[in-house]
Amino acid sequence: MLIFAAMPAQIYSPFANFNFSNNKCFLTGQNVNPTEERIQVFPQWLMSRYELEDKPFKLLDESMATYKDLKLPCTAEVNELYLEPLENEIAAAFDGGYEALKALNPDRLFQWAGKLLYGIIFNEIQAGIKLQHSQGEEFNISQSIIHKFNNLHMMLQSLNLPIEFDGFKPYSLVLFKVDNADNVFGYRDEINTMTFSLRVNDFGLIICLQDNGANARYHKEALDKIEGQTLHPIQFEELNARFFYSAYLFNRLPEYDIFTIEDVISIEALPLRGTSSKPLFDDWMNKTYGQVLENFWKNWGFLLLEIIRNPEKPMSFLFDAEGNFKDGNGLGLQK
């Protein structure tokens with residue numbers, strides 16, 4: 001079920017007529033000057049801090065861009081009123097590290113990560129349309145993916161419209177203190193599952209942007225055991241792998257009711273379970289998880305055969321054989 005028709009008039013949906021030109025503001029649909037009114041997907045403060053501007057960024061069609069190539073059309077007014085204040089707030093929190101980030105309203109981190117991930121989606125769609133048209137074909141994308149992208153874009157408009165989430169959070173967000181090496185920039189995203197992670201400064205952040213908190217609930221037992229702990233980078237990447245894999249196993253498309261009360265647009269989540277008796281997550285397969293973990297542990301060189309030597313209990317640096325948290329200081333591994 002797509003929800004374009006149910007949207008209040010104020011909410012803009014580029015997916016209604018699939019308009020991803022540089023002539024319209026990505027957030028509001030207002031006309032823009034395509035050469036002058038554009039913003040960076042990865043904010044300038046982040047690119048400068050980690051020297052990202054000219055580093056390669058691989059798009060889904062295998063073409064290469066640089067971080068600074070990724071841009072979004074945006075009116076000067078929208079940028080000044082809504083996006084620059086958000087960037088200033090997040091940049092200041094990054095300067096303050098874990099404690100400052102922890103003190104932020106998590107909705108602001110959701111908006112920031114959502115804008116960044118949506119910016120990548122926007123560029124991916126533009127590249128896809130260009131490629132398909134060059135081959136004389138119509139651009140084709142699955143309805144379920146459009147559904148997720150559309151919902152994320154709708155919720156991003158909580159930046160500029162009086163939108164409130166009625167009794168729920170549309171995301172899972174976990175934040176941990178991490179004993180990172182200096183100047184590390186550990187960024188990952190998976191746009192099909194709407195999952196984002198960042199490991200920089202003295203923290204690691206994971207956000208599943210469109211799950212209504214399901215992934216955090218799925219990992220509650222593990223999260224309770226490591227709450228308040230400082231993680232070694234390999235421990236954070238293990239947690240990261242768990243979330244990216246569970247986001248892949250998550251098999252629901254969240255649905256929402258949208259209504260306006262006294263000029264406030266209220267978004268209410270419908271029950272994830274819906275009419276299906278099927279569990280929210282497909283079965284966890286240790287071999288597949290091991291493959292994900294191998295990728296997340298590339299810096300440390302662990303191979304799949306080592307990771308799943310015991311197929312029933314994949315290698316873990318977070319928990320010992322009894323399931324207790326391992327102190328990261330005693331792992332004897334490089335950062």
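Reader: Which strands make up the open sheet of three, and in what order do they come?

Author: Good place to start! In this predicted model, the open sheet of three strands has the order β5-β12-β11, and its pairing is mixed. The strands at the edges are β5 (163–165) and β11 (256–261), each of which pairs on one side only. On average, neighbouring strands of this sheet are turned by 25° against each other, with direction ignored.

Reader: What holds strands of a sheet together, in general?

Author: Strands of a sheet pair through backbone hydrogen bonds, and the pairing is either parallel or antiparallel. For a case here, take β11 and strand β12 (residues 264–269): they pair in the antiparallel sense over six bridges. You can find Thr260 standing opposite Ile265 in β12.

Reader: Which helix lies across β5, β11 and β12?

Author: That is helix α5 (residues 143–156), which runs at about 25° to β11.

Reader: What is the strand order in the open sheet of five?

Author: Read across that sheet and you get β7-β8-β9-β6-β10, again an open sheet with mixed pairing. Its edge strands are β7 (185–190) and β10 (230–231), and each pairs on one side only. Inside the sheet order, look at strand β8 (residues 195–200) and strand β9 (residues 203–208): they run antiparallel and are joined by six bridges. Val200 is the residue opposite Phe203 in β9.

Reader: Now the helices. At what angle do α2 and α4 pack?

Author: Helix α2 (residues 76–96) and helix α4 (residues 106–134) pack at about 110°, and their axes are 10 Å apart. Angles of 65 to 115 degrees count as roughly perpendicular, so α2 and α4 are roughly perpendicular to each other. Their crossing is left-handed.

Reader: Which residues of α2 and α4 meet?

Author: From α2 come Leu83, Pro85, Leu86, Glu87, Glu89, Ile90 and Phe94, and they meet Arg108, Leu109, Gln111, Trp112 and Lys115 in α4. Sorted by class, this contact of α2 with α4 has seven nonpolar, one polar and four charged residues.

Reader: Stepping back, how is the chain divided into domains?

Author: There is domain 1 (17–161) and there is domain 2 (167–334). The centres of the two domains, taken over C-alpha atoms, are separated by 23 Å. Where domain 1 and domain 2 are in contact, 35 residues come from domain 1 and 35 residues from domain 2.

Key. Residues are numbered from 1 along each chain as its sequence is written. This is a predicted model: local features need pLDDT of at least 70, side-chain atom pairs count only at pLDDT 80 or more; totals for chains, interfaces and linings use all residues. Side-chain values use heavy atoms; hydrogens and water are left out. Axes are lines fitted to C-alpha atoms, for helices over the stretch in contact, and angles run from 0 to 180 degrees between N-to-C directions. Helices (H or I, at least four residues) and strands (E, at least two) are DSSP runs, numbered from the N terminus. Angles under 35 degrees count as roughly parallel, over 145 as roughly antiparallel, 65 to 115 as roughly perpendicular and the rest as oblique. A crossing is left-handed if the near helix is turned anticlockwise from the far one by less than a right angle, and right-handed if clockwise. Contact means heavy atoms within 4.5 Å. Ala, Val, Leu, Ile, Met, Phe, Trp, Tyr, Cys and Pro count as nonpolar, Asp, Glu, Lys and Arg as charged, and the others, Gly among them, as polar. Two strands pair if DSSP finds at least two bridges between them. Domain bounds come from an automatic or database domain assignment.
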